[in-house]
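Q: I would like a close look at a single part of this model, followed from one residue to the next. Please take it slowly and keep to what the model itself shows.

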Amino acid sequence: MGRTDRLDRLAGRAGDLWSTVAKWHWRFVDRQGDWLSKGQAQTLYCKGYDGLHSQSAQAVADSFYDSSMA
């Protein structure tokens, strides 16, 4: 599968979501002193995320938590 405009848009949306999850996760930690769970982040940021299927959006949040917990 070659590069297409649609794939570029999806990759951009996934990157935007990853940044959103990361930003709000760390703001929550800074302000509340607690970590959001993966499930909480998925509920807050992934449902109805424009341009991504819900499972794709959840996978983006999973990748943030997997990388930040490693």
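Are Phe 64 and Tyr 65 buried or exposed? Please start from there and describe the helix they belong to, together with the parts around that helix.

A: This is a predicted model, and in it both Phe 64 and Tyr 65 are buried. They are among the buried residues of helix H3, where Ala 57, Val 60 and Ala 61 are buried as well. Viewed down the axis of H3, these buried residues fall within an arc of 130°, so they line one face of the helix. What they pack against is helix H1, which covers residues 5–32, and helix H2. The helix itself runs over residues 54–68, and its 15 residues should span 21 Å at 1.5 Å a residue, a value with which the 21 Å between its end C-alpha atoms agrees.

A pair of aromatic rings is described by the distance of the centres and the angle of the planes. The structure holds 3 aromatic pairs. In one of them, the rings of Trp 26 and Trp 35 have centres 5.1 Å apart and planes at 70°, so this pair is edge-to-face. Trp 26 counts as partly exposed at 39% relative accessibility, and Trp 35 is also partly exposed, with a relative accessible area of 43%. For Phe 64 and Tyr 65 the ring centres are 5.1 Å apart and the planes stand at 90°, so that pair is edge-to-face. Phe 64 and Tyr 65 also belong, with Trp 18, to one aromatic cluster.

Lys 38 forms a salt bridge with Asp 62, in which the closest N and O atoms are 3.8 Å apart. Since Lys 38 lies in helix H2 and Asp 62 in helix H3, the pair ties together parts that are 24 residues apart in sequence. Asp 62 is partly exposed, with a relative accessible area of 24%, and Lys 38 is partly exposed at 31%. Lys 38 forms a salt bridge with Asp 66 too, and here the closest N and O atoms are 3.4 Å apart. Asp 66 lies in helix H3, so its pairing with Lys 38 of helix H2 ties together parts that are 28 residues apart in sequence. Asp 66 counts as partly exposed at 49% relative accessibility. Through shared partners, the salt bridges join Lys 38, Asp 62 and Asp 66 into one network.

The side chains of Gln 42 and Asp 62 make a polar contact at 2.8 Å. Gln 42 has a relative accessible area of 18%, and because buried means under 20%, Gln 42 is classed as buried. Apart from neighbours within four places in sequence, Gln 42 is in contact with Lys 47, Gln 58, Ala 61 and Asp 62.

Because they are 3 residues apart in helix H1, Asp 16 and Arg 13 are separated by about one helical turn. Asp 16 is partly exposed, with a relative accessible area of 40%, and Arg 13 counts as partly exposed at 26%.

Notes: Residues are numbered from 1 along each chain as its sequence is written. This is a predicted model: local features need pLDDT of at least 70, side-chain atom pairs count only at pLDDT 80 or more; totals for chains, interfaces and linings use all residues. Side-chain values use heavy atoms; hydrogens and water are left out. Buried means under 20% relative accessible area, exposed over 50%, partly exposed in between (1.4 Å probe, protein chains only). A polar contact is a pair of N or O atoms within 3.5 Å; within protein, one must be able to donate a hydrogen and the other to accept it, and residues adjacent in sequence count only if both atoms are side-chain atoms. Contact means heavy atoms within 4.5 Å. Helices (H or I, at least four residues) and strands (E, at least two) are DSSP runs, numbered from the N terminus. The expected span of a helix is 1.5 Å times one less than its number of residues. The arc is that of the directions from the helix axis to the C-beta atoms. A salt bridge is a side-chain nitrogen of Lys or Arg within 4 Å of a carboxyl oxygen of Asp or Glu. Rings of Phe, Tyr and Trp (its six-membered ring) pair if their centres lie within 6.5 Å; planes under 30 degrees apart count as stacked, over 60 as edge-to-face and the rest as tilted.
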